[in-house]
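Trainee: Could you walk me through reading some features of a protein model, one at a time?

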Amino acid sequence: MKNILLLSLIVLSGCSQNVANFALVSTKSSNLNNKYESIGQIDGVDIAYIVVVLPLGTPRIDKAVNNALFTNNADYITNTTINIESFYFPYVGGYSRYKVKGEGWRIVDGAV
């Protein structure tokens, strides 16, 4: 019984791996001479699912960054960490995703 439980945990486990750490990242064109304010910690993901054994796409870092910027109305992210996470249950499915986390910044209203 213990062997079955151990085998189940190994099969059902996913993994996470740090891909990169950046001081500043953005997919938008930004003038850093403008005045910006911090909006706190933000994150974004891009995910691709696996059905049975067929991947339904490939996750991309730039889409994860765009997701973080768009959903939080930010212009750029500082102290950024990018991780790739994956989970797969054989012959059922799973996912692979990039997760971007960092401090979001947006331009101060009226500053140009």
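Trainee: Is Val52 buried, partly exposed or exposed, and where is Val52 found?
Mentor: Buried means under 20% relative accessible area, exposed over 50%, and partly exposed in between, with a 1.4 Å probe and protein chains only. Val52 has 40% relative accessibility and so counts as partly exposed. Val52 is found in the loop between β2 and β3 (54–55). Strands (E, at least two residues) and helices (H or I, at least four) are DSSP runs numbered from the N terminus. A word on the source: this is a predicted model, where local features need pLDDT of at least 70, side-chain atom pairs count only at pLDDT 80 or more, and totals for chains, interfaces and linings use all residues. Residues are numbered from 1 along each chain as its sequence is written, and side-chain values use heavy atoms, leaving out hydrogens and water.

Trainee: Which residues make the nonpolar surface patch?
Mentor: Patch residues have over 30% relative accessible area and no salt bridge, and nonpolar side chains are joined within 5 Å. A salt bridge is a Lys or Arg side-chain nitrogen within 4 Å of an Asp or Glu carboxyl oxygen. Areas come from the Shrake-Rupley method with a 1.4 Å probe. Here Ile47, Tyr49, Val51, Val52, Val53, Leu54, Leu56 and Tyr91 make a patch of about 820 Å². Strand β2 (residues 36–51) contributes the largest share, three residues.

Trainee: What makes up the largest nonpolar core?
Mentor: A nonpolar core is a set of buried Ala, Val, Leu, Ile, Met, Phe, Trp, Tyr and Cys residues joined through side-chain atoms within 4.5 Å. The largest one has 11 residues, including Val25, Ile42, Leu69 and Tyr98. At least two core residues come from each of α2 (61–72), β4 (76–89) and β5 (93–107), and α2 gives the most, with four.

Trainee: What is Tyr98 in contact with?
Mentor: Contact means heavy atoms within 4.5 Å. Leaving aside neighbours within four places in sequence, the partners of Tyr98 include Val19, Pro59, Ala64, Ile82 and Asn83. Asn83 sits in strand β4 and is buried, at 19% relative accessible area.

Trainee: How many aromatic pairs are there?
Mentor: Rings of Phe, Tyr and Trp (its six-membered ring) pair if their centres lie within 6.5 Å; planes under 30 degrees apart count as stacked, over 60 as edge-to-face, the rest as tilted. The whole structure has three pairs. One of them, Tyr36 with Tyr76, is edge-to-face, at 5.0 Å centre to centre and 70 degrees between the planes. Tyr36 lies in strand β2 and Tyr76 in strand β4, so this pair ties together parts 40 residues apart in sequence.

Methods: Patches are made of residues with over 30% relative accessible area and no salt bridge: like charges are joined within 9 Å, nonpolar side chains (Val, Leu, Ile, Met, Phe, Trp, Tyr) within 5 Å.
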